[in-house]
Amino acid sequence: MVNLDSTTPVATTAVPAPSPGPDPRGPAAPAVAGGAQAPWPRSFTERFAQLAALTPDAPAIGTAAGTLTYGQALTQLEAVARGLQARPGLRADAPVGVLVGAGADSLTALLAVARTGRPAVPLDAQLPVARLREIAQLAGLGACVSEVPGLALAQELMGSASDVAGTGELLEEGLRRDGEPLPEPGRGGDPLFVVFTSGSTGRPKGVLMTHDQLLSGAATARDRFAVGTGDRVALVLPPSFAAGAVVLSTALLNGACAWSFDPRRHGARAVAEVVDAQGLTVLCATPHLLRSVLATLPPGRLLTSLRLVATAGEAVFGRDVEQLAAHVRPGTDFWNWPGSSETGPLSGFRVVCGGPVPEGPVPAGVPEDGKEVRVLAPDGTPVAPGEPGEVFVTAAHLAAGYLGDPERTAERFTEEPDGRRTYRMGDLGRFDAAGDLHLLGRVDGAVKVRGYFVHLTEVEGAVLASPAVAEAVVVAVQAGGTHRLVAYVAPEPGSPTESPAALRRRLRARLPEYMVPADVVPVSALPRNERGKVDRAQLPPVPPRAPAEPPAGATEVALARTWAELLGLSGPVPVGADDDFQQLGADSLTVEEMLARVEDGFGVALRAGDLLAAPTLREFARRVEAGAGALPRHPTAVALRSGTAAPALFCFAGAGALAMSFKPLAAHVDDRPVVAFHARGAESRALPDRSVRAAALRHLRDLRLVQPRGPYVLVGHSMGGLIALEVAQLLADAGEEVASVVLVDTYLPRTRRPDPAAAAAAAADGAADGGAPGGPSGPLGAGLRLLRTGVHRLLPDGLPPLHLVPQRLRVPFAGLVPFGEHQSQVLHDHGQVVARRHRVRPYAGRTVCVQLRDNPDGREPWEELLTGPHEFLDIDCDHNSVLREPRATELAAAVLRELRAVRR
């Protein structure tokens, strides 16, 4: 363990072995500049003063406004401490709040409060005022210190201006009192910082972090990470967060520079810019912040100054390390560095970037030197390696307990005969055969599903194994006396969205059936609290699930088995008679696969429209039993929703897509008819339209049967946007009112798309054909130009690659010849040919142009065509995911706005 009294240096090891008990020598002395050793005092501020004497010119605190050296920072903190000490009415035992921003003044004020012997309460200015007011009341603050921008907030928290002091005025007062003695600073087990964390009772709890706790953690970090003079440590976590206080002390107690930067104010993209500009060498962040920073970096962008990256605060996964390795130099160290406010850093697991990466969650690793970690069964006996149990930590330097809450302190902390104390973490964990600790989540979050013990972190790791998933959290809810797993999943913007059915099928190939979530809830992003952790209380409600009525009859039972297999569902009654196939998580591909199995197994050829008309298992089974010709069906128009409100919403599918692809969007349109159109030949044998105008005229006839008069609201996705625009033109030509056209990631035909390379090639062709000396002229040149034009019209992309020739040869037969599983691709290819021939006319009506991540057009060419009122909306996802949840919710917000703006 770390010795805080001895001058004897401790040997540095890559991963220190866990200590079975206290080191009788006490804590060790850390290295300073030049490898010198110095006695390690028992006070935070005494250690800081020691370093200021040894390395007065070394940078200590860096901000965008400049850098304070250790000598300057010591002068400033002692002056602020004298100014604070001179405040009338300040109780000697009262904690002092410090509104901490990104400036150096508030950081030195934290140390100044400690220098007066009072506990400092770092207050995060980014928190809601109500939360800060509650913390101030619970802490019983005697005063509040702030930089100038936060003085009004500080006065609001304290209720009296006499209890508020600005860092500037305290500094001036202290400089006038230069030479006056300061009281003895707190030391050893005295509280240094009071950090407030979420409490199980709903009220914040104030953890008393002591001098010894932070000194011991900093010394251990010195040994483990070799942090010292010359390092520039990114302080991107708030010091009001225990991990932020640990990072600050790791830097300032080892002679490094703490570079303060708040990514919540400046954005994750700016973190990489600061790392590069300031040459930062150490970055400690939450896994969520690290993912956010990496997501802003283009391929090949390296953060070359970093030598070490660590994460704390929540589970980190192997895929996170793989993403990091693509943006740092090979050999850069990554550390999973978990801990808690009560224990400080708990353990560490090292991964060398460019080397092997653990699958799933990264282990918590080897316990910190000086911390004995035990995993115990409910009866208090140790469990065998590999078995889960509750985690207990015994050490000489833990938090002093909870401010003003002796009962909770006694519940969590116990005294040991040798003078150490034991903290009951409330976490589940296990040790593997290599001696690495694995944290499995909270004890109160441990669940049994169908009699099996399930670690939710393991399920989360399996969900995150797909590049289509950006982040996920799995929760357990009570359902009929047992637990049901629910996965909340946020998609990766740069990847196609994974449907719930596809996700569950993927998990079933990797996990036992009882570990596969019964429900998958798509969300745009996981809600997070001020500390960057997932705020589970703010997750959307779990979808209600009525007790399933078992399927009855041979058809229902056979279909239920097929549905469950395709959707990745399991359980006693995985699919009930009243369950809706799409609400269970199906996407369009799953629907097509299901219909193909129905045709093979029952000899009945049904369409996606049949499933829309009969969405539940019971209804669909009756539809299968009735056969293919029992219900009238429209070949290209599908009613997705009925309603009485006007206007209706008319949707036009892209090339090769089905009308049912708009069903997630239609779910948001309350009490309005929603009708979607797809191409001829998509669900029955028919010759597709050979032009956008022909498709528009045909759809227009059906549209006016549903709603004879305007106003009309039209939505077109992909090529469907070209059709929607043409329908709008035809309606306007007929004198009808078109309220709005929403173009969802519609690509312009290449004739309208700017292409500098093509222009240069055309110029070169012109020169070769006779526009320049030496080129063919007369009849020969004219013949060559005519031949080139004809070839371009027949093959606008030129000759296809050899492996695509069979695909292109199918295009003329689209809609006429059934191509089975390739039918949608053939119709897609046909639609592309039709779209390339289309000439978009300028449109004077209102439009909303939704453009996604990889849209090739940009705004300029559309500005020339959309001559009426228009706006652009950017959604960060890929071309097809915009019609799926959770992005369909974003799109629906824009569509609903257009619908509600219509006046009748």
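1. Let's start with a pair of residues: Val282 has Leu308 in β12 as its bridge partner. The strands involved, β11 (residues 282–285) and β12 (residues 308–311), run parallel and are joined by four bridges. Strands pair if DSSP finds at least two bridges between them. Strands (E, at least two residues) and helices (H or I, at least four) are DSSP runs, numbered from the N terminus.

2. A word on what you are looking at: this is a predicted model, where local features need pLDDT of at least 70 and side-chain atom pairs count only at pLDDT 80 or more, while totals for chains, interfaces and linings use all residues. Residues are numbered from 1 along each chain as its sequence is written, and side-chain values use heavy atoms, with hydrogens and water left out.

3. Now trace the open sheet of nine strands, whose order is β2-β1-β10-β9-β11-β12-β13-β16-β17, with mixed pairing. Why is one side of β2 (66–69) and of β17 (366–367) left without a neighbour in the sheet? Both stand at the edges, and each has a single partner strand. Helix α3 packs on this sheet and touches β1 (59–63), β2, β9 (232–235) and β10 (257–260); the direction of α3 makes about 135 degrees with that of β1. Such angles run from 0 to 180 degrees between N-to-C directions, and axes are lines fitted to C-alpha atoms, for helices over the stretch in contact.

4. Helix α3 (residues 104–115) also packs with helix α1 (residues 44–54), at an angle of about 120 degrees and with axes 9 Å apart. Here Phe44, Thr45 and Phe48 of α1 meet Leu111, Ala114 and Arg115 of α3. By class, that contact has four nonpolar residues, one polar and one charged. Ala, Val, Leu, Ile, Met, Phe, Trp, Tyr, Cys and Pro count as nonpolar, Asp, Glu, Lys and Arg as charged, and the others, Gly among them, as polar.

5. Phe48 turns up again in the largest nonpolar core, which has 82 residues: Phe48, Tyr70 and Leu252 touch the most other members. A nonpolar core is a set of buried Ala, Val, Leu, Ile, Met, Phe, Trp, Tyr and Cys residues joined through side-chain atoms within 4.5 Å. Leaving aside neighbours within four places in sequence, Leu252 is in contact (heavy atoms within 4.5 Å) with residues including Phe48, Tyr70 and Leu111. Another core lies apart from this one, with 57 residues, among them Ala564 and Val624.

6. Buried means under 20%, exposed over 50%, and partly exposed in between (1.4 Å probe, protein chains only). Leaving aside neighbours within four places in sequence, Gln278 is in contact with Arg232 and Trp259.

7. There is also an open sheet of seven strands, in the order β28-β30-β29-β31-β32-β33-β34, with mixed pairing. Its edge strands, β28 (637–641) and β34, each pair on one side only. The twist averages 20 degrees from one strand to the next.

8. Finally, look at β33 (residues 847–851) and β34 (residues 870–874), which pair in the parallel sense over five bridges. Val848 stands opposite Glu871 in β34. From β33 the chain crosses through helix α27 (residues 860–865) to β34, and this β-α-β crossover is right-handed: with the strands pointing away from the viewer, the path from the first strand over the helix to the second runs clockwise.
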